[in-house]
Amino acid sequence: RCRVRVAPFVVRTDPGQPLRRIQLRFNSALAYDFATDLSNPPVGSHSPSAVALDFAARCGATYSVSLWAQDGDDPALALIGQTATLTCPATPRNDAIVFGDGFEAVARLD
């Protein structure tokens, strides 16, 4: 099985603005959607807890991973980071290929 692994990351909001939502997209397809508790949203810097470190991917497939976020003064989600193109290994191996920016393509024998 191949996977894309996301390392811990921090999202910083505009000063005084609460964080509303974070999304990770792979080739524009939604992979992770996190909405904050509107009664007590984080303000300033926020590092989401790792619900899932690995996201399913197709061996040999190419992905661009983008991070989207919305804070209190944004009318919609905005692109705040994106990787270069990632290509998952063609065959499962017991290692990972690190691409930087907190992302790596992983192919593991499970």
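Reader: How do S3 and S4 pair, parallel or antiparallel?
Author: Antiparallel, over six bridges, with S3 covering residues 19-26. Keep in mind that this is a predicted model.

Reader: Which residue in S4 is the bridge partner of Leu24?
Author: That's Tyr32.

Reader: And what's the strand order in the open sheet?
Author: The order is S4-S3-S8-S9, four strands with antiparallel pairing. S4 (29-35) and S9 (78-82) are at the edges with a single partner strand each, so one side of each has no neighbour in the sheet. From one strand to the next, the twist averages 25 degrees.

Reader: OK, switching to rings. How many aromatic pairs are there?
Author: Three. One of them is Phe26 with Tyr63, edge-to-face, at 6.3 Å centre to centre and 65 degrees between the planes. Phe26 is in strand S3 and Tyr63 in strand S7 (residues 62-63), so this pair ties together parts that are 37 residues apart in sequence.

Reader: Are those two buried or exposed?
Author: Buried: Phe26 has 7% relative accessibility, and Tyr63 has 12%.

Reader: Back to Tyr32, why is its pair with Phe55 edge-to-face?
Author: Because the planes of Tyr32 and Phe55 are at 70 degrees, with the ring centres 6.4 Å apart; the cut-off for edge-to-face is over 60. Tyr32 is buried at 15%, and Phe55 is buried at 10%.

Reader: Which residues form the aromatic cluster?
Author: Phe26, Tyr32, Phe55 and Tyr63.

Reader: Last one: what lies over the face of Trp68?
Author: Arg25, at 4.1 Å from the ring centre.

Technical notes. Residues numbered from 1 in each chain as written. Predicted model: local features only at pLDDT ≥ 70, side-chain atom pairs only at ≥ 80, totals over all residues. Heavy atoms only, no water. Pairing = 2+ DSSP bridges. Helix = DSSP H or I, 4+ residues; strand = E, 2+ residues; numbered from the N terminus. Axes fitted to C-alpha atoms, helices over the stretch in contact; angles between N-to-C directions. Phe/Tyr/Trp six-rings, centres within 6.5 Å; stacked < 30°, edge-to-face > 60°. Buried < 20%, exposed > 50% of the residue type's maximum accessible area, 1.4 Å probe, protein only. Lys NZ or Arg CZ within 6 Å of the ring centre and 35° of its normal.
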